[in-house]
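Subject: Structure for your review

Dear colleague,

I am passing on the structure below, followed by notes on what was found in it. Please keep it open while you read.

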Amino acid sequence: MPIPPGPFTGRTLAQLAQDLRERRTTSADLTEQALGAAAALDPGLNAFVTVDGTGALEAAKAADAELAAGLDRGPLHGVPVGVKDLIEVAGLPATMGSRHFAGYVPSRDAACVTRLREAGAVLVGKTTTHEFAYGPTGDRSANGASRNPHDPSRMSGGSSGGSGAAVGAGLVPLALGTDTGGSVRIPAALCGVAGFKPAYDAIPADGVFPLSRSLDHVGVLAGDPESCLIAYRALTGADAPALVEPARVAWLDASDLFEGDPEVVAAVRAAAGELPEVRLPGGFAEEVLRTYRAIQSCEAVAVHADRMETAPELFGEEVLERLRGAAQVPGWSYVRALESRERLAAVAGGLFARHDVLALPTAAVTAPLIDEREVTPAGRPVPVGVALLSLTCPWNVLGLPALTVPAGTVAGLPVGLQLLCRPGDEPLLFATASRLRA
């Protein structure tokens, strides 16, 4: 059975900001709603690993006092927010989803958290992450699996699964996540919300525990793309353009990357509307996926090599197995992958020669069952991680902005439409999302 909708289901950041400024609500009221929803609904979701009721209410009262005094920090001022447990928040536990960090409490905020506070947001708590963010399923964490609000027997997606579940269930209107190969977009798509992975390093990753430093992105999840844009601008200082021309949009046939569930692909393509079609250049899919695996594997092992040697028993079995496999990737393949990355970026630029935005599915399957490790989307068994990651990870290699928006349901489960653009064309990306949802 689906989780009952929480208090922020269907409420956009723009609406909340207007309600706060027109005195129809207060930050303290909104925060109490978030905390009450977490207490009532989160036992069935496991979206939060830590809830900071005392700190959140203090921050909310301070936000109300500032607004009453005429100090307006912007559209996030007074809004409750969740933060992925991979991101450090001063004074709150940061477990990274692992027993290795049990009891760890950082003394400083990550840079993105500092920006949230400067924007007046109220931090409600830390959301569940797949252990060390090393997995797209969201069901391998020291504090247990985060669950899909549409069907708690199914995955929320990962690694920002708690953020996807918290926003998808309406516990909070906004959450931060991280995305190394799809870890914002996958849970957003599977949980029926919007998620935005900006261009590489657009939101600083200082104070965010790394998985793969050259692929890691900080991103945002919200109920709708316009709310993602509001959060992105607040976190980056990006200005709203005066005028956005209509974007040239094409459908990207991604079957070379992964042959997905035909029903999912059809539903997403129908949501995108009638569009011209482009194909990936020959050999591109194989090379970009190989490049992603080599870079992520070598960089992840570099982060965890000491822990693997001194305390392997503290890892979950699946993550340790993945790390040991990654450790077998030779160093020369990493060097070649970095060279390949530059070549792929040049090739990918050709995809945008006659188009501004490309559309494709976010994940080519619906949410698998918790603990399911093999799916058969096109009549043949494939590892669940491959099914979830293959349509999202190429854009981390290339550092492209990527937005997922809800695109309906298949068999009662949400599917997502992914939109891509070149860095600098984000206004066209969000304008396209708004037009498709109109």
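**Two helix pairs**

Helices α9 and α11 are oblique to each other, the word for angles that are not under 35 degrees (roughly parallel), over 145 (roughly antiparallel) or 65 to 115 (roughly perpendicular). This is a predicted model, in which local features need pLDDT of at least 70 and side-chain atom pairs count only at pLDDT 80 or more, while totals for chains, interfaces and linings use all residues. Residues are numbered from 1 along each chain as its sequence is written, and side-chain values use heavy atoms, with hydrogens and water left out. Helices (H or I, at least four residues) and strands (E, at least two) are DSSP runs, numbered from the N terminus.

Helix α9 covers residues 284-310 and helix α11 residues 331-349; they pack at about 140 degrees, and their axes are 9 Å apart. Axes here are lines fitted to C-alpha atoms, for helices over the stretch in contact, and angles run from 0 to 180 degrees between N-to-C directions. The crossing of α9 and α11 is left-handed, that is, the near helix is turned anticlockwise from the far one by less than a right angle (clockwise would be right-handed). On the α9 side the contact includes Phe284, Val288, Ile295 and Cys298, and on the α11 side Tyr334, Leu338, Leu344 and Val347 are among the residues involved. Contact means heavy atoms within 4.5 Å. By class, the residues of this contact between α9 and α11 are 11 nonpolar, three polar and four charged. Nonpolar covers Ala, Val, Leu, Ile, Met, Phe, Trp, Tyr, Cys and Pro; charged covers Asp, Glu, Lys and Arg; the others, Gly among them, are polar.

The second pair is α7 (residues 225-236) with α14 (residues 426-437), packed at an angle of about 155 degrees with axes 9 Å apart. Helices α7 and α14 are therefore roughly antiparallel to each other. Their crossing is left-handed. Pro225, Glu226, Cys228, Leu229 and Tyr232 of α7 meet Glu426, Phe430, Ala433, Ser434 and Arg437 of α14. Six of the residues in the contact of α7 with α14 are nonpolar, one is polar and three are charged.

**Helix α4**

Helix α4 spans residues 111-118, and its buried residues are Ala111, Cys112, Val113 and Leu116. Buried means under 20% relative accessible area, exposed over 50%, and partly exposed in between (1.4 Å probe, protein chains only). The cover over these buried residues of α4 includes the strands β2 (80-84), β3 (122-127), β6 and β8 (217-222), and also helix α7. After α4 comes Gly120, with a positive phi near 90 degrees.

**Loops and backbone**

Ser183 sits in the loop between β6 (174-179) and α6 (185-191). With a relative accessible area of 6%, Ser183 is buried. Its contacts, leaving aside neighbours within four places in sequence, are Lys84, Ala133, Gly158, Ser159, Ser160 and Thr178.

Gly158 and Ser159 are joined by a cis peptide bond, with omega about 5 degrees. Ser159 is in the loop between β5 (151-155) and α5 (161-168). Ala133 is not a glycine, yet has a positive phi of about 65 degrees. Ala133 lies in the loop between β3 and β4 (147-148), and is buried at 3% relative accessible area.

Ala411 also has a positive phi, near 55 degrees, in a residue other than glycine. The loop that holds Ala411 runs between β14 (402-410) and β15 (413-421). Ala411 counts as exposed, at 77% relative accessibility.

Arg23 is in the loop between α1 (13-21) and α2 (27-41), and is exposed at 63% relative accessibility. Apart from neighbours within four places in sequence, Arg23 is in contact with Leu67 and Ala68. Arg23 and Leu67 are 44 residues apart in sequence, and their C-alpha atoms are 9.9 Å apart in space.

**The whole chain**

The protein chain has 14 helices and 15 strands. Its radius of gyration is 20 Å, close to the 22 Å that the globule rule gives for 438 residues, so the chain is as compact as a globular protein of that length. The radius is taken over C-alpha atoms, and the rule is 2.2 Å times the number of residues to the power 0.38. Along its principal axes the C-alpha trace spans about 60 × 55 × 40 Å. Of the 438 residues, 59% count as buried.

Regards
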